[in-house]
Amino acid sequence: MGKTNSRFEYRVVLRDGGIRWLAAKGRYFYDHEGKPYRDIGASQDITDRKIAEERLRRGRDELEEQVRDHRAELKERISEVATQAELLDLVTDAAFICDPDVKITYWNRAAEYMYGWKQEEAIGQHASRMLRTQFPIPFSEVLKILKREGKWEGELVQTTRYGLQMTVHSRWIRKQGERGESIGWLEINSDMTRQKQAEETARRLSGRILQVQDEERRKMARDLHDSLGQYLVMLKFSIDACLRDATSDSSRELLLQSKKTVDQCISETRTMSYLLHPPLLDESGLASAVRWYVEGFATRSGIVVDLKAPRTIRRFQNEIETALFRILQESLTNVHRHSQSKRVDITISHDRHTVSLTVRDYGCGIPLARIRAFRDLGTGMGVGLGGMRERVREVGGTLRIEPGEGCGTVISVEIPLIEQQDNNALADVPAKVKRAGSAHPSSKAHLQHVDPTN
């Protein structure tokens, strides 16, 4: 017997070229011999359903294609990450990745070697706590700079697994998500411990050289004053005696010229002696030496000097007084040679714990880029400022060089007073010295031919 019910779909092309889809259902009726003698059927327009099914099919195909593309891209990224990880494992610097919670998510082999923790031990640990990191600025400021600029660089002090402290040069690079959000950072650290130790040794050597230099200056100044100076004075006395006994005009003229030459030698010897090391620094201390030098500088340079200091200044250690005097000397020399300033302010203050010196000029100033290079890298300045920094370091102090407000430069020195000093009060320090000012009576002879700006 034949099929009773039937169902099928077909397409109809209309006169205007349009296409419609129909679904047909029907039923056959058969006689006793099994021959169909009647059929009944109906048709339904299913064009909209067909269009929806076609769109669904195309969407499914597109989705499958996208999935294939994403899988290929994911494999490529995985391969790229694996390659990067292999490269990071090959570098000699410690490298690790932190998430926004400062938890370590990657730890290379060099980090294992440098710090002592294996990768499986470091992953998931809080980086700063595990390494006991000491930052040069607050950690929150580091994160702000990293977020704003995308990178940060500086020196850190960290501790290894075995309790050894090390100084590292650290470079941070921010990692971003697909929407630009911060998802952590890559940190690369280079061990600078040996370099720092070498720098410290060099600083100590430099400090020792400065100390030996000061001792030699003191010795040369004493030898010039006590030996050569006395011989010249004796020679002058001899010439004076010869002048009294001279009979001819030619002999007197020759002796007068010789006396003039000896006077000039005495003056130049005294100048060299006092510039090498002023005796007042040893005899009376910092206040008298500063007063003598500042008065001579103001008189001969034409620069107005405003000196502010306590009426009495106690004695400090020789190293501290020498360092402060040499820094003041170098600062005023730089003002005269380079700043083109017509005025300079000097402030000296101290308490039980600290002595401070500030020199402020109102000249053309030092470019900020050079100040930053000198502060961060120790470059960009001359030998004078480098020597000032070494002197300050030798006595455990701090040196700051900053642009003045509006113009000029400010040099500030702070030196800690570790030991209790003798409270030997010195002579009063004048509040203001101008270019027309005269020397202190006790130092007139010292100032006669001394030009501290040379």
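A residue counts as buried under 20% relative accessible area, as exposed over 50%, and as partly exposed in between, with a 1.4 Å probe and protein chains only. By this criterion Phe139, at 23% relative accessibility, is partly exposed. The model is predicted, so that local features need pLDDT of at least 70 and side-chain atom pairs count only at pLDDT 80 or more, whereas totals for chains, interfaces and linings use all residues. Residues are numbered from 1 along each chain as its sequence is written, and side-chain values use heavy atoms, with hydrogens and water left out.

The chain contains 13 helices and 13 strands. Of the 454 residues of the chain, 37% are buried. Contacts, defined by heavy atoms within 4.5 Å, can be sorted by sequence separation: among those between residues at least 6 apart, 57% join residues at least 24 apart.

A pair of aromatic rings is described by the distance of the centres and the angle of the planes. Rings of Phe, Tyr and Trp (its six-membered ring) pair if their centres lie within 6.5 Å; planes under 30 degrees apart count as stacked, over 60 as edge-to-face and the rest as tilted. The structure holds eleven such aromatic pairs. In one of them, Phe96 and Trp107, the ring centres are 5.3 Å apart and the planes lie at 35°, so the pair is tilted. Phe96 belongs to strand β4 (residues 94-98) and Trp107 to strand β5 (residues 104-107), so the pair ties together parts that are eleven residues apart in sequence. Both Phe96 and Trp107 are buried. The rings of Phe135 and Phe139 also form a tilted pair, because their centres are 5.0 Å apart and their planes are at 40°. Phe135 has a relative accessible area of 21% and is therefore partly exposed. Ring pairs join Phe135 and Phe139 with Trp152, Trp172 and Trp185 in a cluster.

Rolling a probe the size of a water molecule over the atoms shows where empty space is left. By class, the lining of the largest cavity has seven nonpolar, three polar and one charged residues. Here Ala, Val, Leu, Ile, Met, Phe, Trp, Tyr, Cys and Pro count as nonpolar, Asp, Glu, Lys and Arg as charged, and the others, Gly among them, as polar.

Individual residues show how separate parts of the chain meet. Thr160 lies in the loop between β6 (151-159) and β7 (165-176), and is buried at 7% relative accessibility. Beyond its neighbours within four places in sequence, Thr160 is in contact with Met114, Tyr115, Trp117, Arg132 and Met166. Thr47, in helix α1 (residues 47-90), is buried at 4% relative accessibility. With neighbours within four places in sequence again set aside, Thr47 is in contact with Ile19, Arg20 and Trp21.

In helix α6 (residues 193-245) stands Leu232, buried at 12% relative accessibility. The C-alpha atoms of Leu232 and Ile266 are 6.3 Å apart, although the two residues are 34 apart in sequence.

Helix α9 (residues 286-301) has 16 residues and reaches 22 Å from its first C-alpha to its last, close to the 22 Å expected at 1.5 Å a residue. The expected span is 1.5 Å times one less than the number of residues. Because 14 of its 16 residues are buried, α9 is largely enclosed by the rest of the structure. Gly302, with a positive phi near 75°, follows α9.

Notes. Helices (H or I, at least four residues) and strands (E, at least two) are DSSP runs, numbered from the N terminus.
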